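Please read the following report alongside the sequence and the 3D structure.

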2 protein chains.
Amino acid sequence: MPNTTDVTVAAIGERGLIDRIRVRIGPTPAWITAGVGEDAAVIEPERGALDVLTTDSLIEDVHFRRAWTAPDAIGAKAVAVNFSDLAAMGAAPRVVLLSLGLPPSLPLADFDELVGGVVRAAHAERAVLVGGNLARSPGPLIVDVTAVGSVRRRRVLRRSTGRPGDELYVTGTVGAAAAGLAMLEAGVDRQALDDRGRACLDRYERPLARLRLGRAIAANHAATAAIDLSDGLAEAVRQLASASGTGAVVDAGAVPVDPGAGEWSARGGQDPIVTALAGGEDYELLFAVPARRRRAFLASVSRAGGVPCTRIGRLTAETGAWLERNGGREPLPAGFAHYRK
Amino acid sequence: MPNTTDVTVAAIGERGLIDRIRVRIGPTPAWITAGVGEDAAVIEPERGALDVLTTDSLIEDVHFRRAWTAPDAIGAKAVAVNFSDLAAMGAAPRVVLLSLGLPPSLPLADFDELVGGVVRAAHAERAVLVGGNLARSPGPLIVDVTAVGSVRRRRVLRRSTGRPGDELYVTGTVGAAAAGLAMLEAGVDRQALDDRGRACLDRYERPLARLRLGRAIAANHAATAAIDLSDGLAEAVRQLASASGTGAVVDAGAVPVDPGAGEWSARGGQDPIVTALAGGEDYELLFAVPARRRRAFLASVSRAGGVPCTRIGRLTAETGAWLERNGGREPLPAGFAHYRK
């Protein structure tokens, strides 16, 4: 093999690059009838289940900078953002397709690391990279992933089926990924960060989808609706409410602002709650839970491995999305939705 | 609705753009459990069939130029190149996902036309656009399509299962798309082209996948292997032979050079056969057919609507890919494979 630090992808060519992907995938399970190297992948559907399909892309200088983030993290994140969509539907991932737009000058070592990140992120959830496409890009590095999962018919979670009176629960903490991005933009020294700061960077660069929890809630029929937080908590609340034909109220005091994000906001003179509500890319899940299912919901959450889950508000019959604090209400902050900047 | 000729996609925002996609899709069949607007699409697998998955992208200034090609043709071609991969596997398309990278300055009218092209190309083959992703692009317009089809297990066609002695058949004519691209690069006046020249432009800009023929051959078990001609006939022969562990010989005199492409090559002082063999993007199909299945193969071809199909050579036990002419042999010309330029 050539020395991958001096060699670019242009020097290797499409066939050679496909071979490098293939060795990284290794042997595939028997339900994959055709994989990388054929015109299309052929897989056996999961018996008795529905197919769940999603696609999401990371584009250089919009979603990541190569100067900031290691190639394997870029690859892994491209998988995680898709798996987060599957988690929000209650689905389990099975296969991923990888469509790359490659600047000819991309170092081969970066290509290898990126593919490695994709393969490992898929394997970590027992999914397999089965196909894709390589194209030349005249500008940005483009990483487009399609993920296919499965879910039983009666377990499909949607964003559009919430009902007035449902309580809203969010997993984990919010604002961390946006704070991590802000730290990178501010040029912080990684070595100088404390644990809380590093946790924000990690959340931005290496998010993990809440797959186990999504499946547990779906299996237990413990929520009426769910959505992931790709565009931030405020936007998720707004979209879930709007798709369900309801309004929503969020209790400012209940929002689980990530500690590192809160410190970062406060240091910059920003309102930590508003910043955390508006910040995107946390890839947590938001659930709508009827009050009578609260106990079952919390039992599922606890069985799914102790992911913290916080009640932050409720769906309302009156439309509109509001933030309650200090006894008053203000409009929920705007989200992060400008094409998922 | 705003006047779409003056408005850009940046002025509309993600939610507004998704709404514009939704109205273009219209009502969807009952086997689609969740579609555009949810975190992921949910579909019922085809009973008794396997899922076939493929993804392929068109990137501005690599695969198309906006100055040359109408947005609806770009959208339709992004679907057709994926359907061609399904055709090569013997599969029928069911759904497509559309992942767009949008320059903020893209006129809304172009966005609408592009989406219209995607939706119409899918509908024409009874497939449905069920989901996707919108991202901002810092440079090129990026159109990434994932297509999902179905095929019965015993009917899957592959590129890797050809055998020495199999005869090679190609559909339609070759070289037309490459000639069409060369005409655009040379700045020809569309109005001044004759019918043969216009046919080359059409093939480049508005290819159609050979879905019906692929399915017919697969159903009749009339071929041992198949591949589509995205990277040209020479490259397809080389890849099918290489994946099958065989060699191949192509008879130069038998290659069905497209008449318009032949005229264009001859005018430029090029060898029409070599140019046609090397030219990419014809999206015809190449089949390996055992001599004893020849009659069944030709019967399937004729029942599939009279697509011309030409015997151009054979697979050999000895590896290597050769072009025979004038009683001698020369290496098969290089293909078009530099990341599908």
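## Helix H3 of chain A

Helix H3 of chain A (residues 108–123) is made of 16 residues and spans 22 Å from its first C-alpha to its last, close to the expected 22 Å at 1.5 Å a residue, where the expected span is 1.5 Å times one less than the number of residues. Helices (H or I, at least four residues) and strands (E, at least two) are DSSP runs, numbered from the N terminus. This is a predicted model, in which local features need pLDDT of at least 70 and side-chain atom pairs count only at pLDDT 80 or more, whereas totals for chains, interfaces and linings use all residues. Residues are numbered from 1 along each chain as its sequence is written, while chains are lettered from A and ligands numbered from 1 in the order in which they are written.

The buried residues of H3(A) include A:Leu108, A:Phe111, A:Val115 and A:Val118, and also the charged A:Asp110 and A:Asp112. A residue counts as buried if 20 or more other C-beta atoms lie within 10 Å of its own, as exposed if 12 or fewer do, and as partly exposed in between, with C-beta atoms placed from the backbone. The buried residues of H3(A) pack against helix H1 (13–25), H2, strand S4 (92–102) and strand S5 (128–136) of chain A.

## The nonpolar core

The largest nonpolar core holds 234 residues, and A:Val118, B:Val96 and B:Val118 are among those with the most contacts inside it. Helix H2 of chain A (residues 71–89) gives the most to this core, with 12 residues. Such a core is a set of buried Ala, Val, Leu, Ile, Met, Phe, Trp, Tyr and Cys residues joined through C-beta atoms within 7 Å.

Beyond its neighbours within four places in sequence, B:Val96 is in contact (C-beta atoms, placed from the backbone, within 7 Å) with residues including B:Val79, B:Val118, B:Leu129 and B:Val145.

## Where the chains meet

The contact between the chains takes 61 residues from chain B and 61 residues from chain A. On the side of chain B that touches chain A, strand S3 of chain B (residues 49–59) supplies the largest share, nine residues. Strand S2 of chain A (residues 41–43) runs antiparallel to S3(B) and is joined to it by three bridges, with A:Ile43 having B:Asp51 as its bridge partner.

## Strand S7 of chain B

Four of the five residues of strand S7 of chain B (residues 167–171) are buried. S7(B) pairs antiparallel with strand S10 of chain B (residues 285–289) over four bridges, and five bridges join S7(B) to the antiparallel strand S11 of chain B (residues 309–316); pairing requires that DSSP find at least two bridges. B:Glu167 has B:Val289 as its bridge partner in S10(B) and B:Arg314 in S11(B).

Terms used:
Contact = placed C-beta atoms within 7 Å.
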